[in-house]
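Reader: I would like to go through this model term by term. Please set each value against its definition.

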Amino acid sequence: MKAMMTAFVAIAVISVGAWYGLGELGFSAADQTSGSAVRLN
Amino acid sequence: MLRAIFALILTTIFAVSGLAGPVTAQTAAETATETNPRAATGGAPTLEDILARQRGETTDFSHRKQSGGTAAAGITEQLGTLGGSSDSEVFRSLRYGTADVTVSNNGPASAVLIQDRGMWWLEFRKGPLSKYGAWLLGGTLVALAVFYLLRGRIRIDGPKTGRTITRFNSFERFGHWLFAGSFLILGATGLITLFGRTVMIPLFGKDSFALLASASKWAHNNVAWAFMLGLIIIIVNWTVHNIPNKHDLKWLAVAGGLFSKGVHPPARKFNAGQKMIFWGCVVLGLSISASGVSLLFPFELPMFASTFATLNEFGISQMLGLGTLPEQMAPHEEMQFAQLWHTIVAFVFMAMIFAHIYLGSIGMEGAFDAMGSGEVEEQWAKEHHGLWVEEVRASKGAASPAE
């Protein structure tokens, strides 16, 4: 069962990592759809 | 008297010319209508056009697409707020994508202000797609329940040995659970997204559903990467073991012994049934990943126009009775097709996995251990994977002298 639990933890880590990483790289919907005239932060 | 006669003559002349006028005009209109059916409507769709469209027939509206007005009228004419165009012409050019639109936001879709295929997608999504998808999942669950009632739990037929054999190592099990765990989350959140408006909002209310929908969307978008990694791991681990061989025919001939007690066709590491599940996971997994990535990066990775062009070119769409599929579409339409395909594949995938989960848990004694601890009862292994047990023993025997 250790492999199963490790996999479930990995799902959580990968998901949070993907969310944070893609956001940092500018792939958020806000970044992708706003023009240069828009101040997001 | 003379005056009365003169008046009569004049009246007769006007009456005759008055009759002749409309007749002449009517003849001219009829001639024009015959050569150009829309001449009578000033270029607008005719009643026949509208009725044909309502009957769902393909109508040629190319004449409307070209009728978007001019940016500026001749300098002798009065310019309105729309330049030389009318309201109708402006909206028509927006609808057919010929308008020169300037917007301050980014993305290929931002300049598309009207996308008239959206309603078809919306109706299909909440209608046939949801309905038949629900029937498929419900029907699969009912079929499995009936199978359980008729066949019961498939037991280990022979006496248990008390010895175990390693069926899957920890990396194989990790890959399986990464794929399986993320699949369950994606399946549940996908169903929440599809049936939210029709099923969940009436049950929980809009406020509660808004929170659930936000969490669901976050999970669906981000767990997808774990799913794709899990898919890669299972492909690397198990493709070699899932290449079809002659034993599969024997297995299929007796339906794997699923419907009869004491029947155990020979199988190596995976039997024909498991191979079907494996290849189903690979094909459906790759397809759903492709449409999923297209949806994760909206409008950046369109794939349907080119796919449709290929299907049209080889006559496959015509062979399937789909006619000529659209090869040029608005960015939103690409996403709509990606969403529909993603959902259709997901429903088939879920129905298949329902059967897999059933046989891997309550449906068969000893099956869960293969993915739980990785160690299975030797008798179970002999009954379901007899050739594989011999291979393992042979490899151990070969390895022993060296140890």
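Reader: Over which residues of chain B does pLDDT stay under 50?

Author: Over residues 10-26 of chain B. The model has zero contacts there beyond four places in sequence. pLDDT is the predictor's confidence in each residue, from 0 to 100. Two residues are in contact if their C-beta atoms, placed from the backbone, lie within 7 Å. Where pLDDT is low, the predicted coordinates should not be read in detail.

Reader: What are the ground rules of the model and its numbering?

Author: This is a predicted model: local features need pLDDT of at least 70, side-chain atom pairs count only at pLDDT 80 or more, and totals for chains, interfaces and linings use all residues. Residues are numbered from 1 along each chain as its sequence is written, while chains are lettered from A and ligands numbered from 1 in the order in which they are written.

Reader: What scores do chain B and the model get?

Author: Chain B averages a pLDDT of 85. In chain B, 84% of the residues score at least 70. The model has ipTM 0.92 and pTM 0.80.

Reader: Why are α6(B) and α7(B) called roughly antiparallel?

Author: Helix α6 of chain B covers residues 170-204 and helix α7 of chain B covers residues 206-238. Helices are DSSP runs (H or I, at least four residues), numbered from the N terminus. The two axes come within 7 Å and cross at roughly 155°. That angle makes α6(B) roughly antiparallel to α7(B), a label for angles over 145 degrees. Axes are lines fitted to C-alpha atoms over the stretch in contact, and angles run from 0 to 180 degrees between N-to-C directions.

Reader: Which residue classes make up the contact of α6(B) with α7(B)?

Author: There are 21 nonpolar, 12 polar and three charged residues. Ala, Val, Leu, Ile, Met, Phe, Trp, Tyr, Cys and Pro count as nonpolar, Asp, Glu, Lys and Arg as charged, and the others, Gly among them, as polar.

Reader: Which residues make the contact of α6(B) with α12(B)?

Author: F183(B), G187(B), G190(B) and L194(B) of α6(B), with T343(B), A346(B), M350(B) and I353(B) of α12(B). By class, five are nonpolar, three polar and none charged.

Reader: How do you know that α5(B) and α12(B) are roughly parallel?

Author: They pack at an angle of about 5°, with axes 10 Å apart. α5(B) and α12(B) are therefore roughly parallel to each other. Their contact has 14 nonpolar, six polar and one charged residues.

Reader: Which elements give two or more residues to the side of chain B that touches chain A?

Author: The contact takes 19 residues from chain B and 17 residues from chain A. The elements are α6 and α7 of chain B. The largest share, seven residues, comes from α6(B). The side of chain B divides into seven nonpolar, 11 polar and one charged.

Reader: What does the domain assignment of chain B give?

Author: Domain 1 (83-114) and domain 2 (118-168 + 239-402). The bounds come from an automatic or database assignment. Taken over C-alpha atoms, 46 Å separate the two centres. Domain 1 of chain B gives five residues to the contact, and domain 2 of chain B gives four.

Key
Parallel < 35°, antiparallel > 145°, perpendicular 65-115°, else oblique.
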